[in-house]
Amino acid sequence: MTERARLSGMSLTPLVSSLVAILMAFVIGGIFLEATGKDALEAYRILIDRGLLSNTGLTETLKKMAPLLIASSGLLVALRAGVWNIGIDGQFMVGALFSAVTGAALVGDVPDPVMWIAAFAAGFIGGVAWALIPALLRVRFGLNEIITTLMMNYVALNVTAWLVKGPAKDPKIVAPQTRQIPLEHRLPKIPGSDVHIGLLVGLVCIILVAILFRSTVPGFMLDVIGRNRRAAVHAGIPVATLMVVALLVSGGFAGMAGANDVFGVQGLFKGNWNPGYGFTAFALVYLARLNSLLIVPFAFFFSFLLVGGDSMARRADVPTYFIELLEGLMLLCFAVAVYLERRWSQRTARAASSDPATTSLAVAGESE
Amino acid sequence: MANDALTPRPPLPDGRGGEPRVEMLGISKRFGPVLANDNVDLTLWPGEIHAVLGENGAGKTTLMNVLSGMYQPDDGQILLDGQPAVIKTPIDALEQGIGTVYQHFTLVPNLSVIENVVLGTKTGFRLDLGNAERQLQTMLADFALNTTPQTEVRHLSIGQRQRIEIIKVLFRGTRVLLLDEPTSVLTPVEVEGLFAILRRLREQGVAVVIITHKLDEALDLSDRITVLRQGRKVGVLDPETLAASDRETSRLRIVELMFGGRPSSEGSDVASGSAAPGETLLTLSAISADGDRGAPAVKNLSLDLHRGEVFGIAGVDGNGQKELGEVIAGQRRSTSGSLAIDGRTLTNQGVSAISRAGIGYVTDDRLGEGSVPGQSVAENAVLKTIGLAPFSRKFWLNRKAIERHAEALIEQFDVRTPSASTQLTLLSGGNIQKLLLARELAMKPKVLVCNKPTYGLDIRTAQFVLKTLREQANDGNAVLLISSELDELLDVSDRLGVMYNGELVAIFERGEFDVETIGQLMLTGRRATGVAA
Amino acid sequence: MTLNGIDVTDFLTAMLATGLLRAVPLAIASLGDVFAQKAGLLNLGIEGMMLSGCFFGFHAAYKTESVVLGMLGGIAGGLAMALLFGFLTIHLRVDQVLVGLAITIFAAGLTGYLFRDWYGGQNVAANVRARSIEIPLLSDIPIIGPAIFHRQIIFYICWALVPVFAWLLYRTRFGLNVRAVGESPFAADAAGVNVIRTRYLAIGLAGVMAGFAGAFLAVADLRIFTIGMTVGQGFIALAITMLGGWNPWRIAAGAILFGMLNALGDSLQIVGVGIRTEFIGMLPYIGIMLALVVLAGKTQLPASLGVPYARGQR
């Protein structure tokens, strides 16, 4: 089915599953809040009020969307091809550091747009470099990328922390961090708003990925690989090469997300700075049912949760970790929803022909 | 011919039991529209080896699965030692003394021999292997197995594993031993060893059943032979009959039961058979290839395919036909020999090069390999050609062209689907097959390899597929048709080769087709000696 | 004895003592995960189970001031996560990677939330003291004496579990069933093994051990909880299980090796060698990848690892 058909209401069931999962997670989360002595309704009210309905909240939410969109676009490429890139966090950090260093070297010497492009390119390269190691290990030694990408996250945490203490450090400051990019050299605001153009970068990324899957040969082939690897071999598709490319591309996007946060929010790279977008991106791409354009509303939703969660912590005395808890609950509820959906479609449609046990992607992919 | 069904109780040779151990009465089993077993009777006596013979799809395996508790019969009754028995699961069967050795072994490769033998038996929490080990030692010696109980099964040969498999069920007190195609994976020496063991078990009073399509083995080994055809029992050769007639007579009798009475192929509407063979399109020279499990599957096979011909490959499943098709398609590496298309050598060049050179391949695994079930009909229609114009230019897909192409194929091949954007899973098997065939033909292959293209299709669709293949040849191309349906091969082929054990054992020209000779070759790999020699 | 002004004896003692201590949670969690993996469950939730063990272990110990109850609290925390994992992957047959990561995220959120809520995020120490015993004579041996023979009781219990688990895996019917269902569930089923039940027991055991490992970390060793304190140790344990070829003895050796890597930094600092902590910090993770490379192709993953089982869907 083309993506258009997917969106045109022909198969709303997958989206329903996600929405039900989210709703369930909120209900369970609410019970949990009450059980720990909070006022759940009040907490949710603040969440929505501050994350969505207030001007600053909405601005923050839109800002936070940028890195989520960028990282998710990459993750989508990997997951659609059946590649488990769980190393988004590491790729993010390395990309952020690369871009911060590039920016610090160029700032003031070149026009800002050139610097931004260079910094995003550096972020992309950093992310690719970090994904390259698991990719090589996969190609050369046949190591599954799940464990290697996970391990690379922790290595990245240490490597970047070391680099900002040493070679990449701003010598004028005691704290371990890169040279700060002055405010006037950061990413400009979208006219008429307080949101920097990172959001547009994110939207562009999503659109690029949507185009990749909707309109290009490699995208088509990645989908075939993700859905039925044997059919890909049968059709003469270069399976190994494309899977590596998918891993590298997703690393690159994660790195660009890092560049976005350096130039849109932080202005520098600090040691041990890991916003942990990886798991959020993972959750949101799954809830968006691996559908590129659906990622946009889901990124908005998750971003709103992160922003509103901060307000909840301040105003309703609900620790920010509640949002992470909620994300976990959503994925768990989503797992149940996927199961129910599978049962349902087996019962209504003719005997399901694809083996549910084959590829992991089938869980989400088959129901798109 | 179908009524020596009710066998009188045979006179009992020395030392053999008196009562039948198992009586299956009027067993019927239906799968959807297919009646796999139609009112079949089968009686098993202790101390007797009983062969159940039949072509693929004759219902042998279904019958055995009913007895081993894998399937419940829709109709009929099973008596064990004269008592009605209910067999719900394979475990149930095992506990009632019926043990099955499947074609695909059910041993756990990384466990030791003794662990496999005691797996699932009910004893205490602590594994006490001492007793079992002593018992097993004796059995290993009995079975001429030169291995220790502690050896991991993965280190054993296929033949050894099979014996362990037998030991495993005997260890649990099996008195009725079912073996599904037990020799299909064995070397000749291993076959001899297996037979010796089965004869010994017969002496010990076990009722042994072998399901086979190999005629000579059945004759070599068994005391009684039951022949199934299209789900029905068509004859039994009891011990007296077998003893009274010479081997050649029995052989001819069985071939007659299995293949006799088929309509002549001449004058069929599908066949046309061009007179003069055209130039050579595909040359296989002494090609060999290994199967999935690493054992040689295609052995030193040579074959020329000519313009304008349909070359049929007959053979019982699992004799290397699938692997042959995959080698030609570039999907499986050949270990030796060469492959040339139109005079260009393209051995082991991979799927895309071979496909570009003009080879099409329709796999027998339509959903697992031939298509992407989650994608649309249109997307599946261009799975192999997506990188080519007009479906794409450079990197860009042309969805319109893809859709138009799919619609044209749907129209031309009468694929029943709501639209080109319908998800493939919603189509029936026949329509998926038409689509896969259409996909290959649209690439205008010079040589089209089809593996079981009519499998599971209704007659009309099957006829359509065969007619299409015929036309493809008449248009000056070549078709290699692999099938286990002898009738359709006889109808449509210009030449017909028989594969047996990885080799092409004979090639017939149209007009020389002789069903019974071909049947013999499929079953034994050689012609009837009585006639030829 | 000194070298470059460093007391070699002190250094080695510290290194061995810390290394063995750091090895305990890895060893414990790995021992349990052997059963999950051997039963065909790729347990990426182990990180969450361990973290859950840390928090609930710490909480129980803080409230009761009892090491034993603390350990039990940790076990309960790990087990609860494991049963959730089991229900979703075994019963509902949802993808194991998805569920594993979901469990890990959920546990991180849950423990972070509760810790902030109940303890205000303060680093408070549980008022417990795991009792130590000193083995006479042996504890007087230089270096290994203080490092091995003068330790907490629970330390000895943990290492005593290695032979117990080896026995459980190789010498009991349960162990045999586990080894069969992860390799060929169909064969095991055909032989009369209850695949579903075996897998539940296996993941339960893995959860208990992961929780125990977490509790050891938070209760017996550090006596504090910090948010996200496992920093990937669960994942490392998962990898050690694979690297050790699912053999409890080799896993114990692997855990000690990685414990030593972990301890290297601390020991060097104790004796006053300045080395970047980041270098030391990433050693275990790099070590895991190197070890995977070295052993690539030499170990055979359980054939049905990650594959849900449903009768009749061969």
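This is a predicted model: local features need pLDDT of at least 70, side-chain atom pairs count only at pLDDT 80 or more; totals for chains, interfaces and linings use all residues.

Reader: Let's begin with the helix. What span should α6 of chain B have, and how far apart are its end C-alpha atoms?

Author: Helix α6 of chain B covers residues 188-203, and its 16 residues at 1.5 Å each should span 22 Å. The end C-alpha atoms are 23 Å apart, which agrees.

Reader: Which residues of α6(B) are buried?

Author: An α-helix has 3.6 residues a turn, so residues three or four places apart point the same way. In this case the buried residues are Leu194(B), Leu201(B) and Arg202(B). Because they cover an arc of only 100° around the axis, they sit on the same side of α6(B).

Reader: What do those buried residues pack against?

Author: Their partners, all in chain B, are β3 (48-53), α5 (158-171), β7 (176-180) and β8 (207-212).

Reader: And which exposed residues lie on the face turned away from the buried side?

Author: That face of α6(B) carries Val189(B), Glu192(B), Ala196(B), Arg199(B), Arg200(B) and Glu203(B), which are exposed. After the helix comes Gly205(B), with a positive phi near 90°.

Reader: Now a strand. How many residues of β13 in chain B are buried?

Author: Five of the five, in residues 310-314, so β13(B) is largely enclosed by the rest of the structure.

Reader: Which way do its residues point?

Author: In a regular strand the side chains alternate between the two faces of the sheet. Here Val310(B), Gly312(B) and Ala314(B) point one way, while Phe311(B) and Ile313(B) point the other way, and all are buried.

Reader: Which strands pair with β13(B), in the parallel or antiparallel sense?

Author: One is β20 (residues 478-482) of chain B, parallel to β13(B) over four bridges. Another is β21 (residues 495-500) of chain B, also joined to β13(B) by four bridges and running parallel. Take Gly312(B) as an example: its bridge partner in β20(B) is Leu481(B), and in β21(B) it is Leu496(B).

Reader: How is chain A divided into domains?

Author: Domain 1 takes 1-36 + 319-368, and domain 2 takes 63-317. The C-alpha centres of these two domains of chain A are 25 Å apart.

Reader: Finally, how many residues does each chain bring to the contact between B and C?

Author: Chain B gives 15 residues and chain C gives 16 residues. On the chain B side, nine are nonpolar, four polar and two charged.

Notes:
Residues are numbered from 1 along each chain as its sequence is written. Chains are lettered from A and ligands numbered from 1 in the order in which they are written. Two residues are in contact if their C-beta atoms, placed from the backbone, lie within 7 Å. Ala, Val, Leu, Ile, Met, Phe, Trp, Tyr, Cys and Pro count as nonpolar, Asp, Glu, Lys and Arg as charged, and the others, Gly among them, as polar. Domain bounds come from an automatic or database domain assignment. Helices (H or I, at least four residues) and strands (E, at least two) are DSSP runs, numbered from the N terminus. The expected span of a helix is 1.5 Å times one less than its number of residues. A residue is buried if 20 or more other C-beta atoms lie within 10 Å of its own, exposed if 12 or fewer, and partly exposed in between; C-beta atoms are placed from the backbone. The arc is that of the directions from the helix axis to the C-beta atoms. Two strands pair if DSSP finds at least two bridges between them.
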